[in-house]
Amino acid sequence: MMETMFKLHQLDEADAVVVCLQSALKAKNVPQAKAMDIRLCLMEAVHNGFIHGNYNDAAKTVCIKWRLEEKTFCFCVEDEGGGIKKLCTATDELTEEKLLDENGKGLYLIGQISDEIWYNKKGNKIHVKIRW
């Protein structure tokens, strides 16, 4: 089992996370299509943490933790924001109206790709599990 943690102050620091992630997935022989899904989900969660959670405040951090096991990748991303207000509907549906919006599809995508997704009570920490 491999566990990794990062604390980021700016979104552009996520490039180092991607490099580390790709290396870890390759070392565990994760299928390329599943590795792409994992990267998409993780980066969507990180992006949401910076943009919608911390409102790009460099004084606040986004914490990323992941665990890579045999045939399972688990991660959590936590920001210092106030949390998601509509947890019950964030991943449930993507209406035609929302499809054209600039925002609002990241959590939906994570929900569609992942095997499990849950949030802390406050709504500022997402947990995701992806299997292959």
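Reader: Is the crossing of α1 and α2 left-handed or right-handed?
Author: The crossing of α1 and α2 is right-handed. Keep in mind that this is a predicted model.
Reader: OK. Which residues of α1 and α2 make the contact?
Author: On the α1 side, A14, V17, V18, L21, Q22 and L25 make it. On the α2 side, A35, I38, R39, L42, M43 and V46 do.
Reader: At what angle do the axes of the two helices cross?
Author: Roughly 155°. The axes of α1 (residues 14–27) and α2 (residues 32–53) come within 11 Å. An angle over 145 degrees counts as roughly antiparallel, so α1 is roughly antiparallel to α2.
Reader: Which strand pairs with β5 over seven bridges?
Author: β3, residues 72–78, in the antiparallel sense. In β3, F73 stands opposite I130 of β5.
Reader: How many bridges for β4 and β5?
Author: Four, also antiparallel, with β4 at residues 116–119. There E116 stands opposite K129 in β5.
Reader: What sits between β4 and β5 in the hairpin?
Author: Five residues. In that hairpin G123 takes a positive phi near 90°.

Terms used: Residues are numbered from 1 along each chain as its sequence is written. This is a predicted model: local features need pLDDT of at least 70, side-chain atom pairs count only at pLDDT 80 or more; totals for chains, interfaces and linings use all residues. Side-chain values use heavy atoms; hydrogens and water are left out. Axes are lines fitted to C-alpha atoms, for helices over the stretch in contact, and angles run from 0 to 180 degrees between N-to-C directions. Angles under 35 degrees count as roughly parallel, over 145 as roughly antiparallel, 65 to 115 as roughly perpendicular and the rest as oblique. A crossing is left-handed if the near helix is turned anticlockwise from the far one by less than a right angle, and right-handed if clockwise. Contact means heavy atoms within 4.5 Å. Two strands pair if DSSP finds at least two bridges between them.
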